[in-house]
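Open the structure in your viewer and keep the selection panel at hand. The stops below say what to select next and what is there.

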There are 4 protein chains.
Amino acid sequence: MLYFLSDYTEGCHPKILEALAESNLVSQPGYGEDLWCQRAAEKISALCGGGDVRFLNGGTQANLLVISALLQRHQAAIAAETGHIAVHEAGAIEFTGHKVITLPAHEGRLDAGELDAYMRAFYADATHEHMPEPGLVYISQPTELGTLYSRAELTALSETCRRWQLKLFADGARLGYGLMSPACDMTIRDLAALCDVFYIGGTKVGALCGEAVVFPKGAPRGFFTMVKQQGALLAKGRVLGVQFDALFTDDLYWEISRHAIGQAMALKAAFTEKGYPLFADSPTNQQFVILTKEQKERLEKDVAFNVWEPLDDGRFAVRFVTSWATKPEDVQALKALL
Amino acid sequence: MLYFLSDYTEGCHPKILEALAESNLVSQPGYGEDLWCQRAAEKISALCGGGDVRFLNGGTQANLLVISALLQRHQAAIAAETGHIAVHEAGAIEFTGHKVITLPAHEGRLDAGELDAYMRAFYADATHEHMPEPGLVYISQPTELGTLYSRAELTALSETCRRWQLKLFADGARLGYGLMSPACDMTIRDLAALCDVFYIGGTKVGALCGEAVVFPKGAPRGFFTMVKQQGALLAKGRVLGVQFDALFTDDLYWEISRHAIGQAMALKAAFTEKGYPLFADSPTNQQFVILTKEQKERLEKDVAFNVWEPLDDGRFAVRFVTSWATKPEDVQALKALL
Amino acid sequence: MLYFLSDYTEGCHPKILEALAESNLVSQPGYGEDLWCQRAAEKISALCGGGDVRFLNGGTQANLLVISALLQRHQAAIAAETGHIAVHEAGAIEFTGHKVITLPAHEGRLDAGELDAYMRAFYADATHEHMPEPGLVYISQPTELGTLYSRAELTALSETCRRWQLKLFADGARLGYGLMSPACDMTIRDLAALCDVFYIGGTKVGALCGEAVVFPKGAPRGFFTMVKQQGALLAKGRVLGVQFDALFTDDLYWEISRHAIGQAMALKAAFTEKGYPLFADSPTNQQFVILTKEQKERLEKDVAFNVWEPLDDGRFAVRFVTSWATKPEDVQALKALL
Amino acid sequence: MLYFLSDYTEGCHPKILEALAESNLVSQPGYGEDLWCQRAAEKISALCGGGDVRFLNGGTQANLLVISALLQRHQAAIAAETGHIAVHEAGAIEFTGHKVITLPAHEGRLDAGELDAYMRAFYADATHEHMPEPGLVYISQPTELGTLYSRAELTALSETCRRWQLKLFADGARLGYGLMSPACDMTIRDLAALCDVFYIGGTKVGALCGEAVVFPKGAPRGFFTMVKQQGALLAKGRVLGVQFDALFTDDLYWEISRHAIGQAMALKAAFTEKGYPLFADSPTNQQFVILTKEQKERLEKDVAFNVWEPLDDGRFAVRFVTSWATKPEDVQALKALL
């Protein structure tokens, strides 16, 4: 079976496993006060031009903690209608008491002009105090469809957010695959300058688990307690520290990302060459193509991939994902099956 | 430095590291649908005489998910005043909307008679509908003071709970150290028969992270969605599955527990022999002794341990903890320092 | 100034004021255990063919209490995109931890077929456990646009709900104006038979405040405690009991409703006669018409009404509302101004 | 039957009924934007030396809204162990996500020295970030036992709160009975100067319903939306405005309070004269005496009163309450029965 199901179907990059083994017997305090958490935070902070770094376990956890920490209780978050928090997180944001307001998605992206118009209409409505006040904008970079915000688009969003006193939060569950894409025209420092908070995904970029949340202007008061309050504080916080320390040693994080992008581009070329239409034109590690029922059923025998959604004409949008673990020979084998 | 600070100051038992390495490149689906989660759940379920098993990441997470899943929204949990959920979990239960009612602790234990009296008084109070209805009793086995409920005590609690329609939930963050203590007169099957839900702690018993929640009578409807909703669902669920599969292969979990108990008893003997008074008489891997200010300051130079609480007479209750990683020579070295 | 702003711009019907005065010095216990609450509940229950009746203070309060009492914590409510809980209740449902899923509105109404299709697609989605499970359908009768569900439409919705194990909840903030409309083909008993819970609005139908929540199959366990928990329990519960007792004595509630409908129809006829287009064809006490900017500005000098929304062509959808307090001479005076 | 059950067993003071009748047909906008809300707020603000005034419906509602509006989400409220929010509000504060920490009660009062010691110990605890951070102190003036904080005691509490960055909130459900007590040495301006927020109870001091929340330093951002979000915003906000406008016209509020105090003192004198021991020495409208079982059973035949709690010796602490509606002849009749 060829596995292109997702970027979390194997364990972790061998260097992370090595780091876990090497550090295993060193005694260190718990709850993130170990030397690796400190070291990893320093490396990431330096990379981003400063700020506080906190390690959490997964994406939904990071999303709900950041959003509920930054919103006042009468406020809501804004997301694209395809945004992960609006679609696939089981009402996690609502469980913390906050509404998620959705705006149209353009291949997964919010449009700064539409956001501005929404906010103008909101405050023009005489009854706006009967509605939750928008307090934060959630985006994903890359988006759920693998697409990217350009530097200009993100700058426009950031300026719109500042105009309306909205915090800007970027979900970077696959951030490496975004920043290493040849189509990307921004650096992690740009992102840090334009957002109030974002995270650097580990789980989907080579780690066993873990996301590094970066607050370029400093973490909110009481964040440690909120992390504990949500059951998100690991006794062995080192598990995250060791992994991120390894990921940000010798550019491993970027190397993993580049490898996956390379394989994804090869995959895309294979599909295009064989005449398969794309569902979305993704420059990152998730590739979306359209299959007929017959193509889908035939491929399913040998390849593990994800059915994204059934299309109205009976065809299917499907997703193929690459990662650090994707072998070039598997991409070739897949191509041979097309 | 001799490390007796806690049972989460090192990584994981070498066999778990091996299992992670061996399974690393095997492709499997995410979210706990991998083969190891399934295998580990089957082993644990068989051990407990049946029931559903779910893997979570840490103790507070397990506590808040189980309690909020089992309570109706007008209900409260009852705990000993020293119970972890009442003291050191940052208001996690309250954040899910539920009050924690505290009853007196007897070396960390709830008393079935006192619980019964409390419930009788509750329903005798004409205004009881103005108070949250007790819906669940939370205990720890072993308790936060390392003490144990005997089989008779737990049976009495269980019967009291059934009489008043209270669910009984045992926090087993250190369950192995409880069940392997020579002082323990119950098995894991007894526990499963007497409780509605309990968990088998991994983080403090040799794993990098993870707790196995056991619902002997079946998991509540929607539990998977609740886990996701709280940010507790790991994309790489295998991380927990692989570890628990290793822990419950060849009795590793019990072996780790026995080792730690052996070291704890040696430690206790050393203190007693040297004339140090005990703060609590613990038969498990946490040992509580009383130090004078001078003793404390002298020991702190060479030994890492935990100050539990300052006593009124100027002395200190302190805690020494053993684990799979405790070396017999370290216990001897500590003894030499007393 | 002619007042057509809403149905809550005056105090209460004079007979309610009388009832408050007459009962004023009678001593009775608090918290809804008074004789009037009991009497009013019995009258309403008899009218509905049985069931439990509870009195609450306002519409949002009733909505959030009923929805959070009926949903399990991993569940969500479904509403029309124009539904009050989705639009104008400040995120009240989300504050209780539940997502509101919106479906298309057809002049304010949900379509049973679309609901069925949504549910079918939900369970067909392999990742549906990563989304909150729909648990309840919220509708308004009449809707926020003054329109009505026919008996056939409500029966279809009710059957769809039962098929998918969804509770059906009807917000009846203006129920009297719905049931007394000549266009209405259902009785309150029909409503009780088709819904799991609904409420009979008082605030907008002649009372100072208060809504009577009817649970045809019995109130959920712990509902009294939940009411208290949300700050919705009045010490002087009699305030609601006295008012509903008066409203359901000698058909006052229906008489008030009929009066308002009569005035609304006169108003609609006046607009139609004068050639004003309708924004929605409402058979109840809220009338929606379209005004040009000039018409709007001219009328605003002498008449208080509500701007519903600006239209794309520069005109405005506006709302005129009648109530027990609307005087026929005011409707004539308004007509003269058109 | 002589009614001393509570201060909410009758309707409202006749002058309030008159005000409701007089204002009944005046058309005004909803949601508290009417002229009476404005007028009442101005009167109360002037009385308190400035600040924002908001009208809510009841005590629990006021408590939960104020506390959840002022706390950050990782914070907890501190209350006396007898405090209403800790005992009789069905877990309302916890439902908003916040723990209630209890300190010893001294006839219902918190002690500033004990609060200070608690806070010192909290921050001295190395694990305090694993506990919710105290953010607000809740007191009642008068307390649940009818007792009063002296000006010196409240000043000490206020200073302690400022030292530890705690908001100070006074529940004044029976504030008039406190301030009008001959034993009271403070004014409403003193209270406004010493607290961050307090409320002036209406429900128990002559109104049908309603509490006036005073924020001497201004209401928190978004408070209106939070009120709506909790279902606490009345469409006919005038109901509260008219009542508070009447209560603060011609000193009605203070007159009602003085009347009730006079009757309470007569009651207390009667009990004392007849040799009944007091359970608490209350200078306000709630009187607590101790009855034997026989006395209790005999009195219950003719008098409605409240059993506070059974005492260990078989006797009962009971409560007699006076209000604007208490008739001097009823007090005499009760005396004759003793």
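Start in chain B. Select B:Pro142, which lies in the loop between β5 (133-140) and α7 (151-163) of chain B; helices (H or I, at least four residues) and strands (E, at least two) are DSSP runs, numbered from the N terminus. The peptide bond that leads from B:Gln141 to B:Pro142 is cis, with omega near -5°. Most peptide bonds are trans.

Before the next stop, note that this is a predicted model, in which local features need pLDDT of at least 70 and side-chain atom pairs count only at pLDDT 80 or more, while totals for chains, interfaces and linings use all residues. Residues are numbered from 1 along each chain as its sequence is written, chains are lettered from A and ligands numbered from 1 in the order in which they are written, and side-chain values use heavy atoms, with hydrogens and water left out.

**A salt bridge in chain B**

Select B:Lys217 and B:Asp196. They form a salt bridge, with the closest N and O atoms 2.7 Å apart; the term stands for a side-chain nitrogen of Lys or Arg within 4 Å of a carboxyl oxygen of Asp or Glu. B:Lys217 lies in the loop between β8 (211-215) and α10 (223-229) of chain B and B:Asp196 in the loop between α9 (188-194) and β7 (197-201), so the pair ties together parts that are 21 residues apart in sequence. Over all chains, a search of the whole structure finds 60 salt bridges.

**The sheet of chain A**

Move to chain A and show the strands. In which order do the 7 strands of the open sheet lie? The order is β2-β8-β7-β6-β5-β3-β4, and the pairing is mixed; two strands pair if DSSP finds at least two bridges between them. At the edges are β2 (52-56) and β4 (100-103) of chain A, each pairing on one side only. On average, neighbouring strands of this sheet are turned by 25° against each other, direction ignored.

Now pick β7 (residues 197-201) and β8 (residues 211-215) of chain A, which pair in the antiparallel sense over 4 bridges. A:Ile200 stands opposite A:Ala212 in β8(A).

Helix α3 (residues 59-70) of chain A runs at about 175° to β6(A).

**Two loops of chain A**

A:Tyr31 is in the loop between α1 (14-23) and α2 of chain A. A:Tyr31 has a positive phi of about 60° although it is not a glycine. Next, select A:Pro142, found in the loop between β5 and α7 (151-163) of chain A. The peptide bond from A:Gln141 to A:Pro142 is cis, with omega near -5°.

**Where chain C meets chain A**

Show chains A and C together. The contact takes 16 residues from each of chain C and chain A. About 1,400 Å² is buried between the two chains, and carbon and sulfur atoms give 52% of it; buried area is the accessible area (1.4 Å probe) that two parts lose on being put together, summed over both. C:His88, C:Glu94 and C:Lys99 supply 35% of the area that chain C buries against chain A, more than any other three residues.

The count between these chains is 2 salt bridges. A:Glu94 forms a salt bridge with C:Lys99, the closest N and O atoms being 3.2 Å apart.

**Where chain D meets chain C**

Switch to chains C and D. Here 45 residues of chain D and 46 residues of chain C take part in the contact. The two chains bury about 4,000 Å² between them, 59% of it on carbon and sulfur atoms. How many salt bridges are counted between chain D and chain C? The count is 0.

**The sheet of chain D**

Finish in chain D, where 4 strands form an open sheet in the order β9-β10-β13-β12, with antiparallel pairing. The edge strands are β9 (278-280) and β12 (306-310) of chain D. Select D:Pro310, which stands opposite D:Phe316 in β13(D). Helix α12 (residues 252-273) of chain D lies across β9, β10 (286-291) and β13 of chain D, and runs at about 15° to β10(D).

Technical notes
Contact = heavy atoms within 4.5 Å. Axes fitted to C-alpha atoms, helices over the stretch in contact; angles between N-to-C directions.
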